[in-house]
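Here are some notes for a colleague who will be working from these coordinates. Please read them with the structure open, taking the points in order.

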Amino acid sequence: MRLATTAAVAAASGLATGAGVLAWANAETRRFTLREFSAPVLPPGAASVRVLHLSDIHLVPSQRAKLDWLSGLASLEPDLVVNTGDNIASPSAIAPLLRAWGGLLDVPGVFVFGSNDYQAPSFKNPLRYLGLPALRPAPDPVELPWRDLRAAMTERGWVDLSNRAATLEVAGRPIRFRGTDDAHLERDKYAEVAGAVSDGTLTMGVTHAPYRRVLDAMVADGVQLVLAGHTHGGQVCLPTGALVTNCDLDTDRVKGLSRYSAGRHSAWLHVSAGLGTSPFAPYRTFCRPEATLLTLTARQPA
Ligand SMILES: [Fe+2]
């Protein structure tokens with residue numbers, strides 16, 4: 001009898017601890033953080049350029065705290081907005097997202113899409129992440145109104161870089177961009193924008209999922225800075241770091257600024273841990289949701 005009571009107390013204690021961890025991990029999804037880095041990628045003597053990097057918002061309209069936090073970002077007055085996709089988790093999220101961005105849509109901007117712009121989220125069997133066969137096949141994806149989202153952004157002047165290149169005037173200087181569509185969905189066609197970078201004008205690569213085939217190609221061409229998202233920073237991390245990147249990038253570069261080399265070139269790589277999660281996995285541990293203010297500065301003279 002005493003043994004059974006002890007086991008029951010232990011089981012209840014374990015359940016309470018588990019529930020507490022889940023509650024904490026869910027609360028972490030609303031602890032939004034602005035990270036700041038600087039990267040010396042501009043010609044010597046050039047004035048700094050402030051870039052707001054947004055990614056992986058995964059918005060559903062009921063997320064008031066996220067919308068309120070997004071609404072405050074326009075006060076940063078960036079020179080450029082780079083949006084690396086996975087914006088919405090519901091067809092009805094577009095209108096509140098545009099309202100929250102507000103004046104950011106009047107700032108020069110570029111964007112690419114991720115899988116969670118094209119397809120609504122669905123429950124994923126965790127066995128798939130362990131490389132084991134799922135008991136039931138995944139349901140067919142439901143398309144999101146990504147054409148409406150694309151039109152809303154381009155009508156305000158943001159430029160779609162999905163397998164496209166463009167040059168924008170940012171803070172009085174030209175910046176060249178080349179981007180790919182989502183490599184996680186194998187929609188990337190880097191060949192459409194490939195070519196060696198031929199002068200000192202900053203050329204920036206923009207992609208959603210930082211698969212190495214995309215990073216290698218961009219960096220080997222001489223792109224000086226690549227911005228990506230998709231990883232969620234590992235999302236459910238240990239205090240020692242991330243366990244996964246959800247692509248073939250190493251976990252040391254799962255978020256933040258790092259150097260990346262390919263061919264005869266090296267570039268700066270910034271991977272955003274993003275601001276959201278799938279609504280079917282609303283948890284983050286040791287990896288708070290983030291946007292990044294990236295200050296581009298002048299290189300030292302050679
Ligand atoms: Fe995402």
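Predicted model: local features only at pLDDT ≥ 70, side-chain atom pairs only at ≥ 80, totals over all residues.

The numbered points below begin with the metal site and then turn to backbone, strands, salt bridges and surface.

1. The iron site. Four side chains coordinate the iron ion, namely Asp56 through OD, His58 through NE2, Asp86 through OD and His232 through NE2, with distances of 2.0 to 2.2 Å. Along the chain these donors follow the spacing D-x1-H-x27-D-x145-H. The site draws together distant parts of the chain, since Asp56 lies in the loop between E2 and H2, whereas His232 lies in the loop between strand E9 (225–228) and strand E10 (256–262), 176 residues apart. Both Asp56 and His232 are buried.

2. His58 and its backbone. One of the iron donors, His58, also has a phi near 50°, which is a positive value in a residue other than glycine. His58 is placed in the loop between strand E2 (49–54) and helix H2 (64–71). With a relative accessible area of 2%, His58 counts as buried, because the limit for that class is under 20%.

3. Ala171 sits in the loop between strand E6 (165–170) and strand E7 (173–179). Is this residue, Ala171, buried or exposed? Ala171 is exposed, its relative accessible area being 52%.

4. Surroundings of Val49. Val49 belongs to strand E2 and is buried, at 1% relative accessibility. When neighbours within four places in sequence are left aside, Val49 is in contact with Leu42, Asp79, Val170, Ala171, Arg173, Leu294, Thr295 and Leu296. Val49 and Arg173 are 124 residues apart along the chain, while their C-alpha atoms are separated by 9.3 Å.

5. Surroundings of Val41. Val41 is found in strand E1 (residues 33–42), where it is buried at 2% relative accessibility. Which residues does Val41 touch, not counting those up to four places away in sequence? They are Leu202, Gln224, Leu225, Trp268, Leu296, Thr297 and Arg299. For Val41 and Leu202, which are 161 residues apart along the chain, the C-alpha atoms are separated by 6.8 Å.

6. Salt bridges. Side chains of opposite charge can pair when their charged atoms come close. The count of salt bridges comes to 13. In one of them, Asp188 pairs with Arg213, and the closest N and O atoms are 2.9 Å apart. This pair links distant parts of the chain, with Asp188 in the loop between E7 and strand E8 (203–206) and Arg213 in helix H7 (residues 212–220), 25 residues apart. Asp188 is buried at 17% relative accessibility, whereas Arg213 is partly exposed at 41%.

7. Further charged pairs. The salt bridge between Arg164 and Asp160 has its closest N and O atoms 4.0 Å apart, and its count as a bridge deserves a careful reading because the rule asks for a distance within 4 Å. Arg164 is partly exposed at 45%, while Asp160 is buried at 8%. Glu143 and Arg147 form another bridge, with the closest N and O atoms 3.5 Å apart; here Glu143 is exposed at 52% and Arg147 partly exposed at 46%. Glu28, Arg31 and Arg288 are linked in a network of salt bridges.

8. Val21, Trp24 and Phe286 make a nonpolar surface patch of about 270 Å². Val21, which is found in helix H1 (residues 2–28), is partly exposed, with a relative accessible area of 43%.

Definitions and conventions:
Residues numbered from 1 in each chain as written. Heavy atoms only, no water. Patch = residues over 30% accessible without salt bridge, like charges linked within 9 Å, V, L, I, M, F, W, Y side chains within 5 Å. Areas by Shrake-Rupley, 256 points an atom, 1.4 Å probe, with all protein chains shown as cover. Salt bridge = Lys/Arg side-chain N within 4 Å of Asp/Glu carboxyl O. Helix = DSSP H or I, 4+ residues; strand = E, 2+ residues; numbered from the N terminus. Buried < 20%, exposed > 50% of the residue type's maximum accessible area, 1.4 Å probe, protein only. Contact = heavy atoms within 4.5 Å. Donors = N, O, S within 2.8 Å, 3.2 Å for Na, K, Ca; no water.
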